[in-house]
2 protein chains.
Amino acid sequence: MPIPILKLHNYLLISIQTEIDDQTAIQFQEDLLDKIHKTGATGVVIDLTSVDIIDSFIAKVLGDVVSMSDLMGAKVVLTGIQPAVAMTLIELGIHLQNIPTALDLEQGLIKLHQELGV
Amino acid sequence: MPIPILKLHNYLLISIQTEIDDQTAIQFQEDLLDKIHKTGATGVVIDLTSVDIIDSFIAKVLGDVVSMSDLMGAKVVLTGIQPAVAMTLIELGIHLQNIPTALDLEQGLIKLHQELGV
């Protein structure tokens, strides 16, 4: 099952709540870019609260999707990164620099407002 | 994969974007009630924009979950019901009476605000 992408005003909201396999990750990347294109969304919040563990492939896809969304004009905020996920990302050398993060979905939306200056 | 449930302030947001099987529907029912209990959410928006077709079992689960959420104190708004889905629901005798509906997620949240008087 693809990961649902919710549109709320100018933003897209995504909550990843299960471990995802490589195929789902790739499909998510395509779906998100497609949805940004179709909706003209200016901001994206990807919530990882329920993700306990992340592998190098998924981490790379996540890093890529943030850069790709940025190129398309949509700012991405990552929320709810758990300790183990943060450790994995840094250990893998994926620093996700310049990517705003926040505690949860609410804080993520506030961050987006700030980043976009609206 | 279970259907993700997003928490935004006092509300839970769900977007069903693929055909779901019976098992997923039952699990969604359990997950939603559990999440209402845990978060104390007062409102729920279930968006069906991407659901093209619905069968009698899924329709019944959907009707049930609305009544159950109501019992637990969370008002449900259904959004994005497509023509074919509306036809199926009525033909199956599932009238979803007294259930507020709206066009999309944004309108659904506005409706919840109205219903809850906040």
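This is a predicted model: local features need pLDDT of at least 70, side-chain atom pairs count only at pLDDT 80 or more; totals for chains, interfaces and linings use all residues.
Residues are numbered from 1 along each chain as its sequence is written, chains are lettered from A in the order in which they are written, and side-chain values use heavy atoms, with hydrogens and water left out.

**View 1. The two copies and their axis.**

**View 2. The interface of chain A and chain B.** Chain A gives 19 residues to the contact and chain B gives 19 residues, contact meaning heavy atoms within 4.5 Å. Of the interface residues of chain A, 100% are also interface residues in chain B, so the copies meet through the same surface. Between them, the chains bury about 1800 Å², 70% of it on carbon and sulfur atoms. In chain A, the residues that lose the most area to chain B are Met1(A), Leu6(A) and Glu106(A), together 35% of what that side buries. Buried area is the accessible area (1.4 Å probe) that two parts lose on being put together, summed over both.

View 3. Two salt bridges are found between chain A and chain B; the rule asks for a side-chain nitrogen of Lys or Arg within 4 Å of a carboxyl oxygen of Asp or Glu. Lys7(A) makes a salt bridge with Glu106(B), with 3.0 Å between the closest N and O atoms. On the side of chain A that touches chain B, the elements giving two or more residues are strand E1 (6–8), strand E2 (11–15) and helix H4 (105–116) of chain A. The residues of that side comprise 12 nonpolar, four polar and three charged. Here Ala, Val, Leu, Ile, Met, Phe, Trp, Tyr, Cys and Pro count as nonpolar, Asp, Glu, Lys and Arg as charged, and the others, Gly among them, as polar.

**View 4. A salt bridge in helix H1 of chain A.** The whole structure holds seven salt bridges over all chains. Asp34(A) and Lys38(A) are joined by a salt bridge between their side chains (3.2 Å, N to O). These residues are separated by about one helical turn, being four residues apart in helix H1 (residues 22–39) of chain A. Helices (H or I, at least four residues) and strands (E, at least two) are DSSP runs, numbered from the N terminus.

**View 5. The sheet of chain A.** Five strands in the order E1-E2-E3-E4-E5 make an open sheet with mixed pairing in chain A. E1 and strand E5 (101–102) of chain A are the edge strands, each pairing on one side only; two strands pair if DSSP finds at least two bridges between them. Strand E3 (residues 43–47) and strand E4 (residues 75–79) of chain A run parallel and are joined by five bridges. Gly43(A) has Lys75(A) as its bridge partner in E4(A).
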